[in-house]
Amino acid sequence: MIEITTLSELTIDGKLALHRASSSKELFDYSTDELKAWFHGQRALSDAIMVGANTVRVDDPQLTVRHVDGPNPLRVIPSSDGLLPLSSALLNDGLPTLVATSRKAGPATLAALRRKPGVEVVTCGETEVDLAALMAMLAERGIRRLIVEGGSTLLSSLFGHGLVSKIIIKHIPIISGDPDAPTYLTLSPRPGLGLGISRWRMDEWFVKGGIGVSVYAREAQPWTP
Ligand SMILES: NC(=O)c1ccc[n+]([C@@H]2O[C@H](COP(=O)([O-])OP(=O)(O)OC[C@H]3O[C@@H](n4cnc5c(N)ncnc54)[C@H](OP(=O)(O)O)[C@@H]3O)[C@@H](O)[C@H]2O)c1
């Protein structure tokens, strides 16, 4: 059984980035050293870390542990067609990375990914990555704690499948003001995914380096209004 924790930075107006298709690294600039150390400590406590393919395309993240000492988690990227930029930082630093594709990914794409040092490719799903099957595969490999850092499409899928057990939100004291900036969860979930009401319990709330952090756990009981 994997414990799946989402860890996101959100603006006051509920955005994951300041503008459409802009990097969430801009939000990181408003973070403090104390918060960065705490945040990277959360990564170090995890066996694996996941972001969606689009976050790789837009943010080009490293997904390593940098502001504290600690082990790098296995990086896991769901990408249905496997079309990640081959120049991406995480495909070129030699650290372990698992790219999960669906059967849509072509043989040339798979071969190009497999040539990258430290990169393993698995096929998991027909037209998009089957997240439940991917989690089962990760559990078999001994992954117990997975941290998911976004973006909205991946988070929405995970919530839609009921896979998330803990939510961490860093409240960045900025208003984006851009209606096109990505929201925490997308308003157009993928077909067949119901993002209905779910109930969460606030377990912790604290201020770290001037930024509020809230931690929610899933309530065992379903929501009854
Ligand atoms: N503030 C924060 O904490 C934070 C963190 C991360 C990202 N972000 C921001 O979020 C934005 C990107 O979010 P996004 O919603 O566009 O993309 P995303 O959630 O990062 O990636 C979604 C992509 O993942 C792939 N995927 C494969 N199987 C999937 C499945 N079963 N469910 C969902 N996705 C699946 C699909 O791409 P393929 O079709 O290619 O497979 C899909 O389009 C960027 O602006 C980034 O800066 C913010």
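The following legends describe several close-up views of one predicted model.

In this predicted model, local features are given only at pLDDT of at least 70 and side-chain atom pairs only at pLDDT 80 or more, whereas totals for chains, interfaces and linings use all residues. Residues are numbered from 1 along each chain as its sequence is written.

**View 1. The nine-stranded sheet.** Nine strands make an open sheet with mixed pairing, in the order β5-β4-β3-β2-β6-β1-β7-β9-β8. Strands (E, at least two residues) and helices (H or I, at least four residues) are DSSP runs, numbered from the N terminus. Two strands pair if DSSP finds at least two bridges between them.

View 2. Eight bridges link β8 to strand β9 (residues 211-218) in the antiparallel sense. In this pair, Met202 stands opposite Tyr216 in β9. Strands β7 and β9 also run antiparallel and are joined by six bridges; here Lys166 stands opposite Ala217 in β9. By contrast, β1 and strand β7 (residues 166-171) pair in the parallel sense over six bridges. Thr6 stands opposite Ile167 in β7.

View 3. Two residues are in contact if their C-beta atoms, placed from the backbone, lie within 7 Å.

**View 4. The largest nonpolar core.** The largest nonpolar core contains 46 residues. Val76, Ile77, Val99, Ala100, Val148 and Leu158 have the most contacts inside this core. Leaving aside residues up to four places away in sequence, Ile77 touches Val51, Ala53, Val56, Leu84, Thr97, Val99 and Ala100. A nonpolar core is a set of buried Ala, Val, Leu, Ile, Met, Phe, Trp, Tyr and Cys residues joined through C-beta atoms within 7 Å. A residue is buried if 20 or more other C-beta atoms lie within 10 Å of its own, exposed if 12 or fewer, and partly exposed in between, with C-beta atoms placed from the backbone. In soluble globular proteins, nonpolar side chains tend to be buried together.

**View 5. The shell around the ligand.** Of the 30 residues around the ligand, Gly52, Asn54, Gly150, Gly151 and Ser157 come nearest. A residue is near a molecule if its C-beta atom, placed from the backbone, lies within 6 Å of it. The elements β1 (3-10), α3 (53-59) and α6 (152-160) give two or more residues to this shell. Helix α3 supplies the largest share, five residues. By class, the shell has 12 nonpolar, 13 polar and five charged residues. Ala, Val, Leu, Ile, Met, Phe, Trp, Tyr, Cys and Pro count as nonpolar, Asp, Glu, Lys and Arg as charged, and the others, Gly among them, as polar.

View 6. The buried residues are Ser152, Leu154, Leu155, Ser156, Ser157, Leu158 and Phe159. They pack against β1, β3, α5 and β6. In the loop between β6 and α6 is Gly151, which a cis peptide bond with omega of about 0° joins to Gly150. Just after α6, Gly162 takes a positive phi of about 70°.

**View 7. Ile2 and its contacts.** Ile2 lies in the segment before β1. It counts as partly exposed because it has 17 C-beta neighbours inside 10 Å. The C-alpha atoms of Ile2 and Leu138 are separated by 8.1 Å, although the two residues are 136 residues apart along the chain. Not counting residues up to four places away in sequence, Ile2 touches Met135, Leu138, Ala139, Ile143, Arg144 and Leu146.
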